[in-house]
Amino acid sequence: MTRLVIIGPPGAGKGTQARGIADRFGIPAISTGDIFRENVANKTDLGLEAKRYMDAGQYVPDDLTNALVRSRLGEPDASRGFLLDGYPRTTDQVRELDEILADNGVSLDAVIELEADQEVVIQRLLGRAAEQGRSDDTEDVIRTRLQVYAKQTAGLIDAYGERGLIVAVNGIGSVAEVGENILAGLAARGLTGEV
Ligand code: ADP
């Protein structure tokens, strides 16, 4: 049972790596961004509310996001462990996650920090905009998302660092290379996904 978080700026490649690592460990990759986008596509109440923030590059309010994650982590598949992608992103979300885990008598094993510099992520996000047409991948909104990340999320890396949980990995390289580096970083902490 492995409980992981992956954190890094928009465009660092979190989603792609999260799926690969989660597969390897046999745990669900839980992406709050994907869950919000699914709700937007299905026009649920949550989706309609979330869309306003997402399209502006702002974070969805903590109370909505926290309730969503609490409920998702309560599903049976998450009892075997999980990899959270895109959560927590604020200090309030860190507190909520601590509470959810404490309520279940468990704790995080590691926080993967995917590093990538601004220029690279901006180019990647603009490329993705052309390919996938995500409504929050326009240049203005990308700039806002990077600012929001710097202001609200980057500091969480220090907080988790103080707990000795950070596995820092360079996000520049091929998908396979970065994936291998993450697996090596986790293995160095005794996390191999094998039982
Ligand atoms: P990226 O990391 O590339 O910005 P995500 O798919 O992780 O993409 O997130 C897309 C959007 O979904 C965010 O800009 C935000 O509006 C919303 N979102 C995702 N996760 C959270 C979260 N933990 N708290 C608040 N909003 C979130």
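1. D77 is partly exposed, with a relative accessible area of 23%, where partly exposed lies between buried (under 20% relative accessible area) and exposed (over 50%), found with a 1.4 Å probe on protein chains only. Its partner R72 is buried, at 17%, and the closest N and O atoms of R72 and D77 are 2.8 Å apart, in a salt bridge, that is, a side-chain nitrogen of Lys or Arg within 4 Å of a carboxyl oxygen of Asp or Glu.

2. Please keep in mind that this is a predicted model, in which local features need pLDDT of at least 70 and side-chain atom pairs count only at pLDDT 80 or more, whereas totals for chains, interfaces and linings use all residues. Residues are numbered from 1 along each chain as its sequence is written, and side-chain values use heavy atoms, with hydrogens and water left out.

3. The structure holds 16 salt bridges. One of them joins R70 and E99, at 4.0 Å from N to O, and this pair links distant parts of the chain, 29 residues apart, with R70 in helix α4 (residues 62-73) and E99 in helix α5 (residues 91-103); helices are DSSP runs (H or I, at least four residues), numbered from the N terminus. R70 is partly exposed at 32%, and E99 is partly exposed at 43%.

4. E139 and R143 also meet in a salt bridge, at 3.2 Å from N to O. Both belong to helix α7 (residues 139-162), and because they are 4 residues apart there, about one helical turn separates them. Elsewhere, salt bridges with shared partners join R128, R134, D136, D137 and R145 into one network.

Key: Helix = DSSP H or I, 4+ residues; strand = E, 2+ residues; numbered from the N terminus.
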